[in-house]
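Q: I have a model open and would like to go through it with you. Could you start with whatever stands out in the helices?

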Amino acid sequence: MTSMTREEWQVVGFTARMAVLSTLLILPFGLAVAWCLARLSWRGKALLETVVTLPLVLPPVVTGLALLKLFGRWGPIGRWLYNWFGLDVVFTWRAVLCALSIMSLPLLVRAARTAFEDVNPAFEQIARTLGASEWRIFFTITLPLAKRGVLGGMLLAFARALGEFGATIMVAGNILGQTTTISVAVYQHVQLGEDAHAWALAGVSVCLAFMAVLLGEILLLRHKR
Amino acid sequence: MSADLHATFRKSYPAGPRIEVEDLKTAGPGTTTVLFGASGSGKTTVLRCLAGLERPEQGIIRFGDELWLDAHSRTMLPPQRRGVGFVPQDYALFPHLSVEQNIGYALNGKPRGQRQDRVRQLVEWLGLLGLEQRRPRELSGGERQRVALARALVRRPRLLLLDEPLSALDAPTRERLRGDLRQWLKALGIPTILVTHERTEALALGDQLIVMDAGRAVQQGSVPEVFSRPANLAVAGVVSMETVQPGLVLESAQGLVTVAAGQSKLISLHPPLAAGTEVYVCIRAEDVVLVKGDPVRSSSRNALSAVVTALSPEGPVVRVGLNCGFALTALLTKNACEQLGLKPGDAVLALVKAPQIHLIPR
């Protein structure tokens, strides 16, 4: 087994950072959507459900293509970002973050929604009679009681982000040191016949995933107590 | 300063029951209004509407001069601002918080010292000392009930709503807490509305009674009044205890308790009660035997001289109204009634065996 090059370690670090960042980025929005789906009902609720789930069932490359068109310098969002903030998204680390977020959002939302639905509404109602605001109820009752499910969802989202390939390569490309993630690097090594490098990276990604799941289990156990 | 609740509303469910309440009124500080009825009669829904957790589609709920609900003008005060203490049937204690945190939950925003003092006060009052750090699942049923009560009282609510407060408890605990609960509710100085399907609980805890049947509040009045003079057959069926008379314990000896009720002395088979205890004396109409003519020797411990006041036939039976110093109802078969030749004004002897005189301490 060849030892990992500096560039490869850089790729690993970058991927892990992006995965953590995207999980944290989608957390507020994902929890808000999950809560709405679990606790409210309105006309067109099914539409939101579908839109949020879509990245889970679409071919990732198709999601990537859509992001490419949306965030490109001539796309509706990309143009706006460029004109107002001078920000380029496509083929930068921002595109990686964007792809990972969109791809892992459904997993977080689905897990958190189930977790919120499992919280007996009687607790929230009692809190209301005790004068607590809806915000306070969410943070002191609903979220703590749903934390196992929410943590599980975050873990899934993180794992999904670690391994994302299709959408990332479409919207962020493969620019070593800037947008290359583990999955993309492994693919490229195999393409170039550098199997040893591919294996090394694969090993590292297994370790990362293993540690993430283990950490999650430990956190859950401690909360269960 | 305490005010009373006054509510008239209707709440219906698309594929379910329709709950109607008319002129529900609490009876002032320290009193308990019992919502009494079989399970499924809509009692809990009424409480939830009063707490603001359900929205009736029609009606008005007022508390003092405050408007809580006016369906017509689409006014609805959220539960947060009603100042109501609500204890649901399963208590719904927050499972992830300690006893102390559960009780103090509503005191968020108050200075720490003040919060601790208030929690401490309730912990002492309700006998929860030493349990402050426990989680709800580490408590017994009776302890949970008291924690739920403390949590509901911590903000000094203006109205207390209790949903079957004793039904989740085992029988001995229930007996014990029933007496305590009565004392606590009296001491609070705010009106309480309590839901129950247990006759004993209704009698022991209620100052006034509202009978619910199939979603409707069918009768409201003082406890003896509703039991003795049910407004209709539905109420009679729900209460199924025709005579309820306030009495005073005179003495307890050899497993028997002597009670003064009206001008009569009654003997009941009941565990000892302290002399001077206020009780309700309850007698079912079918347990009363009527004797006419010469004095008899009978095994019955209670023989009351009575005058027939009314006879109302109900199919194969006749309901006989009697005055024996208090109003007593007897249920006889038509045959028996004819053989005795009963008519209003007749003097009779009403016999009731000691085990059939039910006492409910107040």
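A: In H1(A) there is a kink of about 45 degrees at A:Leu27, shortly before the proline A:Pro28; the bend at a residue is the angle between axes fitted to the seven residues ending there and the seven starting there. Please keep in mind that this is a predicted model, in which local features need pLDDT of at least 70, side-chain atom pairs count only at pLDDT 80 or more, and totals for chains, interfaces and linings use all residues. Residues are numbered from 1 along each chain as its sequence is written, while chains are lettered from A and ligands numbered from 1 in the order in which they are written.

Q: What span does H1(A) reach, and what would be expected?
A: Helix H1 of chain A, residues 6–39, has 34 residues and reaches 49 Å from its first C-alpha to its last, close to the 50 Å expected at 1.5 Å a residue. The expected span is 1.5 Å times one less than the number of residues, and helices (H or I, at least four residues) and strands (E, at least two) are DSSP runs numbered from the N terminus.

Q: Moving on, how many residues does each chain put into the contact?
A: Chain A gives 14 residues and chain B gives 14 residues, where two residues are in contact if their C-beta atoms, placed from the backbone, lie within 7 Å. On the side of chain A that touches chain B, the elements giving two or more residues are H6 and H7 of chain A, and the largest share, 7 residues, comes from H6(A).

Q: And how do the residues on that side of chain A divide by type?
A: The side of chain A that touches chain B has 9 nonpolar, 3 polar and 2 charged residues; here Ala, Val, Leu, Ile, Met, Phe, Trp, Tyr, Cys and Pro count as nonpolar, Asp, Glu, Lys and Arg as charged, and the others, Gly among them, as polar.

Q: Which residues of H6(A) are buried, and what covers them?
A: In helix H6 of chain A (residues 121–129), the buried residues are A:Gln125, A:Ile126, A:Ala127, A:Arg128 and A:Thr129. A residue is buried if 20 or more other C-beta atoms lie within 10 Å of its own, exposed if 12 or fewer, and partly exposed in between, with C-beta atoms placed from the backbone. The cover includes helix H7 (134–145) of chain A, together with helix H1 (43–51) and S7 of chain B. Just after H6(A), A:Gly131 takes a positive phi of about 90 degrees.

Q: Why does B:Ala92 count as buried?
A: B:Ala92 counts as buried because it has 21 C-beta neighbours inside 10 Å.
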